[in-house]
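Have a look at the structure below before reading on.

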Amino acid sequence: MTRTINPDYIRGDLYTQRFEQGKRENTLILNMGPQHPSTHGVLRVVLEMDGEYIVRAEPVLGYLHRMHEKMAEVKSYVGFMPNMGRVDYLHPLAWNWSYAGAVERLAGIEVPRRAEFLRVIATELNRISSHLLWWGAYLLDLGAFTPIMYAFEDREILMDILQRPTGARLTYSYFRLGGVGADMDERCLRQILDFVPYLRKKLPVYKDLVTDNVILRKRLEGVGDMDVDMCRRYGATGPILRGAGLASDTRLNETYSVYNEIDFDIPSFPETDAMARYMVRIREIEESLKIVEQAVAMIPEGEILIKGAPKPNWKAPAGEAYFATEGARGKVGVWVVSDGGKSPYRIKLRAPGFSNLSLFAEASQGTLLADAVAIMGSIDMVIPEIDR
Amino acid sequence: MSEQLARRFTTLCLAKGEYKKSGQAWVATLSPRDLPAAAQELLDAEFHIEDVCGLDISEGLMAVYHFDHFTRPGRVTLRVLADRDKPEIPTISHIFQGANWHERETNDFYGIIFTGHPNLIPLLLPEDADFHPLLKEEAARKNAAALLEKGEILDQAAGFTLFDAPVADAPIESGASGEGEAAGEGGK
């Protein structure tokens with residue numbers, strides 16, 4: 001039996017064909033993803049390979065695109081909040097915050113002090129759970145299976161804690177315009193205070209098990225240089241920037257809420273390689289624990305939501321506002337434009353992962369394919385956030 | 001950003017933003033041809049690119065660029081208005097490489113053509129998409145004066161009237177006064 005092969009199918013889609021045009025002699029075009037395990041779901045990268053070395057790489061996006069920005073234009077201001085839990089499912093509270101912050105800035109809403117602390121506590125716990133999942137999944141990418149078991153065990157506790165005030169385990173929409181949705185009761189705060197020393201005890205285990213492991217160091221040290229100049233040109237922020245040696249963090253740089261009342265450090269490592277970015281995240285877990293501990297001690301009694309908080313038929317004043325927060329992956333920005341109606345006129349979601357991943361093409365040039373996986377993982381990408 | 005730097009842009013309108021209210025320290029409206037030079041000035045002054053957004057308004061299609069500094073906060077917004085029939089704006093992807101994807105995305109959503117872009121093919125939409133999802137219906141469009149922050153104008157080119165247009169008759173309520181009514185009717 002003869003098999004017929006569609007010649008168009010072999011030539012690939014638009015992205016492969018365009019990529020092929022710039023091909024050098026004796027190189028191979030390789031398609032990685034969108035179902036490759038180390039592309040975390042649905043990222044596709046078209047590669048031009050010279051043996052084991054990457055000549056060119058081009059990420060192809062859009063497999064998880066849901067057009068949140070269009071949804072914003074047909075929903076009410078309040079009704080759009082659940083979308084924010086679904087943009088970045090690993091650190092949804094940063095998105096909750098950026099959106100709530102942008103609308104509050106536009107409408108001049110002051111958030112009650114207790115709610116500010118609740119926001120800080122929940123967001124920092126969520127940051128830890130995001131970093132834990134990254135840690136486990138990254139090591140999985142690098143071929144170590146066991147660490148993700150440890151990470152998930154600890155992350156499970158965090159999800160139990162956050163489930164109490166937010167009512168969800170993954171796609172949180174805890175924030176409200178003008179506060180938060182529910183208070184943290186005594187039991188929840190006690191659970192949090194128990195968790196802080198628990199995780200502090202676990203972190204040395206992580207260090208002994210993985211961070212000091214010679215195989216990990218050999219795979220990460222000196223791999224994937226990303227310096228400050230590159231971050232500037234691509235707009236890369238978060239652990240990538242701090243792994244390039246610049247201690248810049250939106251929480252303090254463009255300070256919001258009560259972060260300037262809390263004592264914490266911005267870890268930065270000057271090595272610019274994948275190991276530096278790894279270390280930044282591990283240190284950030286410690287710093288987040290510090291923040292949570294202080295915030296629980298400082299939390300005042302009081303309201304958690306302003307009186308007359310926006311309801312679904314609320315109209316925002318006309319105008320524009322930009323608000324940025326520090327997510328686990330970098331600067332999460334929301335730009336909201338209002339014409340005075342019940343729905344936003346325009347919402348732009350500035351995803352840190354989008355800018356961070358755009359840097360991958362340049363960073364992976366001339367590296368081994370196996371190192372490219374180490375670089376990609378060190379960017380900590382969450383595809384739903386990149387594709388929005 | 002210092003005023004000295006801001007003055008080096010060739011602008012149609014240069015204004016100081018009210019950072020506490022809008023998150024923008026500077027807002028400048030430029031003609032498309034002056035954009036790359038302004039972007040280069042910002043890169044030289046160690047600014048980074050945050051994003052490139054499109055905006056569909058009555059006057060045409062606008063591209064809005066946000067820049068910020070890693071250590072000295074102060075968001076700089078550049079606005080460039082393009083003609084709806086021929087929405088062409090020069091690319092800045094050779095200056096800020098991060099703009100490459102942002103411009104492709106804006107092309108997807110609004111159909112703005114970034115001239116000189118090395119690879120202006122769909123980024124998030126399917127390769128055969130023949131629509132621009134964020135374009136608005138004629139009736140739904142508002143003018144720039146009704147939407148965007150005007151700021152404290154320092155410098156304005158002769159004949160520049162973008163922000164002088166009469167505000168559309170959309171009901172504009174302040175945040176505080178709208179809430180009472182909202183609270184009463186809400187929850188239906």
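B:Asp68 counts as buried, at 0% relative accessibility. Here, buried means under 20% relative accessible area, exposed means over 50%, and partly exposed is in between (1.4 Å probe, protein chains only). Keep in mind that this is a predicted model, where local features need pLDDT of at least 70, side-chain atom pairs count only at pLDDT 80 or more, and totals for chains, interfaces and linings use all residues. Residues are numbered from 1 along each chain as its sequence is written, chains are lettered from A and ligands numbered from 1 in the order in which they are written, and side-chain values use heavy atoms, with hydrogens and water left out.

So who does B:Asp68 pair with? Its salt-bridge partner is A:Lys331, with the closest N and O atoms 3.3 Å apart. A salt bridge is a side-chain nitrogen of Lys or Arg within 4 Å of a carboxyl oxygen of Asp or Glu.

## Chain B on its own

Chain B has six helices and eight strands. Helices (H or I, at least four residues) and strands (E, at least two) are DSSP runs, numbered from the N terminus. Read from that end, the order is α-β-α-β-α-β-β-β-β-α-β-α-β-α. Of its 188 residues, 57% count as buried.

## Where the chains meet

How many residues does each chain bring to the contact? Chain A gives 61 and chain B gives 70, where contact means heavy atoms within 4.5 Å. The area buried between the two chains is about 5400 Å², and carbon and sulfur atoms give 55% of that. Buried area is the accessible area (1.4 Å probe) that two parts lose on being put together, summed over both. On the chain A side, A:Arg232, A:Glu320 and A:Tyr345 supply 14% of the area that this chain buries against chain B, more than any other three residues.

Between chain A and chain B there are eight salt bridges. One links the side chains of B:Lys142 and A:Asp339 (2.7 Å, N to O).

## Charged pairs side by side

Side chains of opposite charge can pair when their charged atoms come close. Over all chains, the count comes to 45 salt bridges. Here are some of them:

| Salt bridge | N to O distance |
|---|---|
| B:Lys142 and A:Asp339 | 2.7 Å |
| A:Lys331 and B:Asp68 | 3.3 Å |
| A:Lys290 and A:Glu287 | 3.3 Å |
| A:Arg281 and A:Asp380 | 3.8 Å |

Take A:Arg281 and A:Asp380, whose side chains meet at 3.8 Å. A:Arg281 lies in helix α13 (residues 274-298) of chain A and A:Asp380 in the loop between α16 (369-379) and α17 (383-387), so the pair ties together parts that are 99 residues apart in sequence. Both A:Arg281 and A:Asp380 are buried.

A:Lys290 and A:Glu287 are another story: they sit three residues apart in helix α13 of chain A, so about one helical turn separates them. A:Lys290 is partly exposed at 25% relative accessibility, whereas A:Glu287 is buried, with a relative accessible area of 4%.
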